[in-house]
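I opened the model to look up a helix and the strands around it. My entries follow.

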Amino acid sequence: MAWKDAYQYAGKLFGKHSNTTVASAESQHQQAAREDVNLPLRARIGGVVNLQKTPFIRAVSQGSLISMPEEKDALIRAISRVRLDIAGSLYRYYLLTGDQDDKECFIQLYQNDAGDISELMYYSRLTRLIPESSEDQEAYSGSAGYGLGDRSYTLWREQLTGLAWDEASLDSIFGDAGHLDYSRDAGDPLSDFVAPFQAQESRIDDASGQHGLIQDLIFMPYSRALEGQRESLLISTEIVRSQDGDSNRRQIHVDFMIGIPVELDRLLIQ
């Protein structure tokens with residue numbers, strides 16, 4: 001599959017087939033301009049996030065790869081809506097967008113049709129790569145029936161060594177093993193391959209919606225068990241269609257995001 005056609009690659013989410021029509025970048029920017037009002041938890045760009053550190057300390061002590069939130073990164077810098085063919089709404093509140101460096105983190109929130117928040121996750125970027133070969137492109141789009149969407153994903157110690165992790169941290173995370181195994185969090189667990197999900201994300205970086213981006217997502221969530229909780233590995237091919245309204249600013253990359261669940265009473269937005 002060519003990269004320019006990758007956004008057309010659809011899958012399933014929550015057992016429903018996604019057949020979302022891709023709107024124009026201009027139309028989605030108009031929709032995004034209204035995303036800074038009437039949001040769950042009264043979030044807004046510039047809002048201050050108070051997030052209890054206890055879940056993160058516990059997760060890191062159990063070998064999680066999650067990055068600990070820093071006090072200086074407590075402002076909501078951007079807000080996005082991830083558009084899927086599902087009931088309810090999926091939002092992301094970005095504390096770091098990662099546009100200028102490798103630091104990206106966001107709070108992902110799912111609100112059902114009744115207005116209840118049924119899932120709250122905190123994600124931080126582990127790494128980003130740009131597949132160069134056609135084989136890698138097929139693997140990270142799932143277009144050939146393998147790769148993204150496989151039953152499991154293995155993260156090797158050598159991969160983190162290449163990301164400048166120190167040996168003490170690696171020993172704490174991997175122990176005597178040389179790899180971490182994550183299981184696919186969607187579809188029939190006995191199926192060798194499940195088509196990755198498709199979505200469109202509209203992100204605004206200011207309250208008026210003048211700055212932001214539109215991107216198509218091809219993604220699959222994986223996870224592994226920690227003591228008392230699960231760690232999520234979200235692998236997402238992101239096809240940027242427009243940035244700040246400029247459709248010439250296109251790019252394609254694959255993000256590896258590490259997430260842990262956050263209890264609603266441990267989060268406050270002011």
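Terms first: two strands pair if DSSP finds at least two bridges between them. Helices (H or I, at least four residues) and strands (E, at least two) are DSSP runs, numbered from the N terminus.

Source notes: I am working on a predicted model, where local features need pLDDT of at least 70, side-chain atom pairs count only at pLDDT 80 or more, and totals for chains, interfaces and linings use all residues. Residues are numbered from 1 along each chain as its sequence is written, and side-chain values use heavy atoms, with hydrogens and water left out.

Entry on strand pairs. I looked up strand E6 (residues 104-111) and found that E6 pairs with E7 in the antiparallel sense, over 7 bridges. Opposite Gln108 I found Met121 of E7. The hairpin of E6 and E7 has 5 residues between the strands, and Gly115 there has a positive phi near 90°. I then followed E7 to E13: these two run antiparallel and are joined by 8 bridges. Arg128 has Asp255 in E13 as its bridge partner.

Entry on helix H2. Which residues of H2 (residues 54-61) are buried (under 20% relative accessible area, with exposed over 50% and partly exposed in between; 1.4 Å probe, protein chains only)? I listed Pro55, Phe56 and Ala59. They lie on the same side of H2 because they cover an arc of only 95° around the axis; the arc is that of the directions from the helix axis to the C-beta atoms. Ile57 and Ser61, on the other side of H2, are exposed. The buried residues of H2 pack (contact means heavy atoms within 4.5 Å) against several strands, among them E3 (49-51), E7 (117-129) and E13 (251-261). After H2 comes Gly63, with a positive phi near 95°.
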